Amino acid sequence: QWYQRRVRGDGKDMKAKPCKTESGKAPATKCHQAKFIEFTGLAAGQNYGCGECPKDSDKKCQSCTGKKDDACNKKIPDAPAFKCYDYELKKDKLVAKNATVTCKRLNGTALTCNMPGPKADKTYKVQNMGCGPCIAADKNATKCKECTKDSCNKSSDASTLTAFTLSMMATLYILL
């Protein structure tokens, strides 16, 4: 008999349970579970179960080949969650929202937040609500900056003021 992992209630029961075989059909050899979406966590609305993933669920479900003596759809090991700030457009300027976002990651994934860089304009979209790294093209074009500490991606008014002051001083120096 093939086995599955099934989350019950709050997800604490991860003990392998036998898959039920429908009358006249071969036992299921595949199991399925929610995909872990980097910086988001487990895909919502997808349970553990027997058989292939339901039709049209490839964005939130992953299948595995079951075993007779153990389940293949086990809990996905994750690293501790961290927090980053998301950004929104206010008066043609990207500003950090007041509340942080919880970012979830797999074991081995670096803690990284992203934020608008010096060349980000009002059309720039912060990636993954500030969780994770920048897209390479945005980082290379200095539209996006990264940092590697919890809640590190909130641009302070002081740093903005300093950058503005330095650029103004450079302009005055060139003019004089």
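This is a predicted model: local features need pLDDT of at least 70, side-chain atom pairs count only at pLDDT 80 or more; totals for chains, interfaces and linings use all residues.

Q: Which hand does the link of Cys64 and Cys72 have?
A: The link is right-handed, with 75° about the S-S bond.

Q: And is Cys64 buried or exposed?
A: Cys64 counts as buried because its relative accessibility is 17%. Buried means under 20% relative accessible area, exposed means over 50%, and partly exposed lies in between, using a 1.4 Å probe and protein chains only.

Q: How many disulfides are there in the whole structure?
A: A search of the whole structure finds six. Among them is the disulfide of Cys53 and Cys61, whose sulfur atoms are 2.1 Å apart. This link of Cys53 and Cys61 is left-handed, at -85° about the S-S bond, and both cysteines are buried.

Q: What about Cys147 and Cys152?
A: They are joined by a disulfide with an S to S distance of 1.9 Å. The link of Cys147 and Cys152 is right-handed, with 85° about the S-S bond. Cys147 is buried, with a relative accessible area of 13%, whereas Cys152 is partly exposed, at 23%.

Q: Then where does Cys31 stand?
A: Cys31 is in no disulfide; the nearest cysteine sulfur belongs to Cys72 and is 4.1 Å away. Cys31 counts as buried because its relative accessibility is 2%.

Q: New topic: how many residues are in the largest nonpolar core?
A: That core has 17 residues, and those with the most contacts inside it include Phe82, Tyr87, Tyr124 and Cys131. A nonpolar core is a set of buried Ala, Val, Leu, Ile, Met, Phe, Trp, Tyr and Cys residues joined through side-chain atoms within 4.5 Å.

Q: Which elements give two or more residues to it?
A: They are strands S8 (78-90), S9 (93-106), S10 (113-116) and S11 (144-147). Strands are DSSP runs of E, at least two residues long, numbered from the N terminus.

Q: What is Cys131 in contact with?
A: Leaving aside neighbours within four places in sequence, Cys131 is in contact with Phe39, Cys84, Val101, Thr102, Cys103, Thr112 and Asn114. Contact means heavy atoms within 4.5 Å.

Technical notes:
Residues are numbered from 1 along each chain as its sequence is written. Side-chain values use heavy atoms; hydrogens and water are left out. Helices (H or I, at least four residues) and strands (E, at least two) are DSSP runs, numbered from the N terminus. A disulfide is a pair of cysteine sulfur atoms within 2.5 Å.
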